[in-house]
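Trainee: I have a structure open and would like to talk it through with you. Could we start with the charged side chains and move on from there?

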Amino acid sequence: QVQLAESGGGLVQAGDSLRLSCAASGRSFSVYTMAWFRQAPGKEREIVATISWDGESTYYVDSVKGRFTISRDNAKKTVSLQMIDLKPEDTAVYYCAAKRYGSSLLRSPADYGYWGQGTQVTVSS
């Protein structure tokens with residue numbers, strides 16, 4: 001019941017910033033727990049951040065704490081990932097994911113039923 005589309009990726013240098021955006025279409029966006037995942041070539045898809053349906057609870061993987069901020073605007077049906085002080089290790093395809101209701105504690109790709117197509121983030125050293 002929801003379709004997701006990511007945007008905002010690009011080529012940047014270490015230390016730069018990017019803001020990723022995920023636009024949702026469909027009904028009842030506000031009841032979905034949202035998450036950002038990333039996957040580098042040859043590696044497993046990993047959680048980056050989650051945000052509860054009401055925006056009050058968030059989770060960040062240790063490697064991005066203090067650098068990334070997840071937020072959502074339920075009126076605009078968007079979720080964003082503000083990335084600061086990017087590092088080469090952040091290079092990956094970033095995916096937006098959604099689960100109806102759910103919890104910000106859900107951190108596995110298998111927990112999420114809706115996915116965008118991904119946006120590439122490349123950070124050069």
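Trainee: Which residue forms a salt bridge with aspartate 90, with the closest N and O atoms 2.8 Å apart?

Mentor: That partner is arginine 67, and the pair counts as a salt bridge, a term that here means a side-chain nitrogen of Lys or Arg within 4 Å of a carboxyl oxygen of Asp or Glu. The two residues come from distant parts of the chain, 23 residues apart, with aspartate 90 in the loop between β8 and β9 and arginine 67 in the loop between β6 (58-60) and β7 (68-73). Strands such as these are DSSP runs (E, at least two residues), numbered from the N terminus.

Mentor: Before we go on, please keep in mind that this is a predicted model, in which local features need pLDDT of at least 70 and side-chain atom pairs count only at pLDDT 80 or more, while totals for chains, interfaces and linings use all residues. Residues are numbered from 1 along each chain as its sequence is written, and side-chain values use heavy atoms, with hydrogens and water left out.

Trainee: Is aspartate 90 buried or exposed?

Mentor: Aspartate 90 counts as buried because its relative accessibility is 2%, where buried means under 20% relative accessible area, exposed means over 50%, and partly exposed lies in between (1.4 Å probe, protein chains only). Arginine 67 is buried too, with a relative accessible area of 9%.

Trainee: How far apart are the closest N and O atoms of arginine 38 and aspartate 90?

Mentor: They are 2.9 Å apart, and this pair also forms a salt bridge. Arginine 38 sits in strand β4 (residues 32-39), 52 residues away from aspartate 90 in the chain.

Trainee: And how many salt bridges does a search of the whole structure find?

Mentor: It finds four, and one of them joins aspartate 62 to lysine 65, with the closest N and O atoms 3.0 Å apart. Aspartate 62 is exposed, since its relative accessible area is 62%.

Trainee: Changing topic, which cysteines does the disulfide join?

Mentor: The disulfide joins cysteine 22 to cysteine 96, with an S to S distance of 2.1 Å, the term being used for a pair of cysteine sulfur atoms within 2.5 Å. Cysteine 22 lies in strand β3 and cysteine 96 in strand β9, so the link ties together parts that are 74 residues apart in sequence. With -80° about the S-S bond, this link is left-handed. Cysteine 22 is buried at a relative accessible area of 1%, and cysteine 96 counts as buried at 0%.

Trainee: What about sheets, and what order do the strands of the open sheet have?

Mentor: Its four strands have the order β1-β3-β8-β7, with antiparallel pairing, and two strands are said to pair if DSSP finds at least two bridges between them. β1 (2-7) and β7 stand at the edges with a single partner strand each, so one side of each has no neighbour in the sheet. Six bridges join β1 to β3, and leucine 4 stands opposite alanine 24 in β3.
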